[in-house]
Amino acid sequence: MNAIEIRNLSKSFRGMYAVDNLNMTVPVGAIYGFIGENGSGKSTIEKLICGHLVPDGGEIKLFGKDYSDAGVRVRVGALIESAGCFPNSSVWANLMMQALNLGIENRAEEIQRVLKIVRMEDNAKLRFKSCSLGMKQRIGIAMALLGNPALLILDEPINGLDTDGMRIMREILVDITQNYNCTVLISSHILGELEKIATHYGIIRQGRMIQELSAAEMDARSRVFVTLKAKDMAGAEQTLRNKFNTVKREEDYIRVYDVNDTEAIVEHLIKNGHIVSEIKKNKVGLEEYYIELMSKKEEA
Amino acid sequence: MENTAKLQFEQPSFFKRLKGMLSVDFYRLFHTPLLYIFLIIAALIPALVSMGAMGGEGEATGMFSNAWQIIAANSPLYVISDIGEYANMNMVFIFGGIMISIFIGHDYKSGYVKQLFTTHAKKQDYMISKSLLGAFSMACMCLTYLLGGIASGAFTGLPFEINAGSLICAILGKMIMSLGWASLYTFINIIFRAKFGISIALCFVLGTGIPVIGAAAVIGNTPALNIFLYGSSVYACLSANALTLFICLMNSVVWAVVYNVLGTLILNKRDVY
C-alpha cells in the first residue's frame with residue numbers, strides 16, 4: 001500500500017496549468033523529498049492532497065482510499081506555507097484548538113508530548129505572534145504532529161531555521177517515521193539537509209513529475225568522481241584528458257568523472273611527470289544530481 | 001515500513017466530526033474577546049436607543065409608549081414610519097453579522113482554516129459549525145440586549161405593562177431566527193473569505209433589513225414578507241403567539257438548511273485556501 005498515490009492530476013489557475021497530468025507515488029513509511037524550483041507546483045500539489053484546492057482532473061488516493069475519505073484525512077497533519085495559528089493566542093491555546101479539532105481525548109498530555117518533540121515545552125505560554133520564525137515553524141510541526149498523524153505534509157519546514165533548528169527538525173522527522181509509523185512528504189530547497197533524511201525523492205518541474213526514485217536508486221545512479229590537486233594543474237588536466245573521458249576543472253580542483261580507481265589516476269599522472277598533492281573519491285550529491293537533471297531537461 | 005499493517009483508519013461519524021469542529025470554534029469563542037465585546041455592545045444598544053428616545057428634560061419623546069418596545073415593535077410592520085418601529089432587538093442581527101464576519105475572516109487571515117480543511121474532508125462540517133456558533137452568539141446577544149432593554153426601560157420611566165406570553169414568544173422568536181441569520185452570514189463569508197470587509201458590508205446591509213423594507217415600501221405591509229429572515233424577525237413582535245414561534249422556527253430552519261447546502265456546494269467546488 002502506498003501512503004499517497006496520484007494519477008493524472010491536473011490543476012490550473014486562470015487557464016495556466018500549475019499541475020499538469022502528474023503521477024506520484026509515496027510508499028508508506030517513507031520520507032519523501034519533494035524537489036523543484038520555485039513555482040514548479042510543489043505547494044499546489046500539497047494543497048491538493050490536503051483538500052484545500054479542487055483538482056481539475058485526476059485521482060488522489062491516500063492509503064488506498066480517496067483523499068476525500070474523512071477517516072484518512074483526520075490522520076493527515078500538514079504545515080503548508082505557514083503554521084496557521086491565531087497570532088494573539090498562546091502557543092498552548094493554538095495547540096489546544098487543534099487538539100479539540102482532532103477530537104483528542106488526553107489533550108493536555110498530547111500537547112505536552114508534541115511540545116517536547118519540537119523542544120518547545122518551555123514556551124507554551126508565549127503568544128504565537130511573539131515567537132521567532134524558527135519557533136513558529138516548530139509550532140507548525142507540533143500542530144501537524146498532534147494525534148499521531150499517519151501522513152505528514154511539510155512545505156519548506158526548515159526555511160528560516162538555524163543550524164541547530166535544522167538538526168532538531170531532522171531528528172524529529174527520522175524519529176516520527178521510525179517510531180510513530182508516519183509517512184512524511186517534505187518539500188525543501190535545502191537539498192543538503194533533505195539528502196540526509198529522505199528515503200525517496202520526487203523531482204518536479206513546471207507541474208510535471210520528471211523523476212521519482214528511492215535514495216538507493218539515486219545513490220546507484222549518481223556518478224562517481226575523483227577530485228584531485230596537482231602541482232601543475234593545467235598540465236595535469238591535459239594529461240588526464242588524454243586518458244579519461246570526462247575531466248573538469250573546478251576552481252582549485254580537477255574532477256575526473258566515472259572513475260573509481262584513484263590508483264590508476266595517480267599512476268597515470270606520475271608516469272607523465274606530475275606531482276599529486278591531494279586526491280579523494282566522491283559521488284554526485286542530490287544538489288548536483290538535481291542541477292544536472294534540470295539542465296538536461298532545459299537542453300531537451 | 002514493517003508497521004504498515006498496523007495502520008487503521010476509523011471512520012468518524014457525522015456527530016464526532018461536528019463535535020470536533022464545534023469544540024474548536026466554541027473554545028475560540030470563549031477564549032477571545034470578540035463575543036464579550038459584542039455582548040456588551042448588544043447590552044448598550046437599548047441604552048443608546050432609549051437616550052435617543054428621551055427629550056431634553058428627561059421625558060420620553062413619544063418614540064416609545066411602552067418599555068418593551070425597545071425589545072420589539074407592537075405589531076409586525078415592515079414599512080417603517082419612524083425609528084421607534086425599527087430600533088429594537090432586530091439590531092442584534094446586524095451586529096451578529098459583523099461578529100461572524102470577523103470570526104470567519106480570522107479563520108482565513110490566520111491560515112487556521114488550512115488545519116480545519118486538512119482534517120475535515122467533509123466541508124459541511126465547517127458550514128454547520130459556524131452557523132451554530134453564530135446562532136448561539138446572536139441568541140446570547142438577544143439576552144444581553146434584553147437585560148439592557150429592561151435597564152433602559154426602567155431608566156426612561158416608561159410603563160412595563162405587557163402580555164407576558166407575547167413578550168416571551170417575541171424574544172424566543174428572535175432568538176430562533178438567529179440560526180437562519182447565522183447561516184446566511186456564514187454563507188456570505190465563505191464566498192468572500194479573507195476579504196471580510198466586503199462580508200461585513202454585505203452582512204450589514206442584509207441585517208438592517210433594507211431589501212425587505214424596500215420591498216415592503218413597494219408591495220405594502222404583506223405577511224408574504226415573512227418568508228424572508230428579516231420578515232420573520234419583524235413578525236416576532238409584541239403581539240406574537242405560538243403560531244409566530246412556529247413560523248419563526250420553520251423560516252429559520254428552512255433558510256439555515258438552504259444556506260448550509262449552498263455553502264457546502266460552494267466549498268466543495270471552490271478552492272478553500
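Residues are numbered from 1 along each chain as its sequence is written, while chains are lettered from A and ligands numbered from 1 in the order in which they are written. Because the model is predicted, local features need pLDDT of at least 70 and side-chain atom pairs count only at pLDDT 80 or more, whereas totals for chains, interfaces and linings use all residues.

Chain A has eleven helices and 14 strands, taken as DSSP runs numbered from the N terminus (helices H or I of at least four residues, strands E of at least two). Its C-alpha atoms fill a box of roughly 75 × 45 × 35 Å along the principal axes. Of the 300 residues of chain A, 43% count as buried, a term that requires 20 or more other C-beta atoms, placed from the backbone, within 10 Å of the residue's own.

The largest nonpolar core holds 161 residues, where such a core is a set of buried Ala, Val, Leu, Ile, Met, Phe, Trp, Tyr and Cys residues joined through C-beta atoms within 7 Å. Its members that touch the most others are A:Ile153, B:Val92, B:Met141 and B:Cys142, and its largest share, 14 residues, comes from helix α7 (residues 164-192) of chain B. A second, separate core of twelve residues includes A:Ala230, A:Ala236, A:Ile254 and A:Val256.

B:Val92 also belongs to the contact between two helices of chain B. The axes of α4 (residues 91-110) and α6 (residues 124-156) of chain B come within 10 Å and cross at roughly 140°, the axes being lines fitted to C-alpha atoms over the stretch in contact, with angles from 0 to 180 degrees between N-to-C directions. That angle makes α4(B) oblique to α6(B), since angles under 35 degrees count as roughly parallel, over 145 as roughly antiparallel, 65 to 115 as roughly perpendicular and the rest as oblique. Residues in this contact include B:Phe93 and B:Met99 of α4(B) and B:Ser137 and B:Tyr145 of α6(B), contact meaning C-beta atoms, placed from the backbone, within 7 Å.

Between the chains, 36 residues of chain B are in contact with 36 residues of chain A. On the side of chain B that touches chain A, α1 (14-31), α4 and α5 (112-119) each supply at least two residues, and α1(B) gives the most, with ten.
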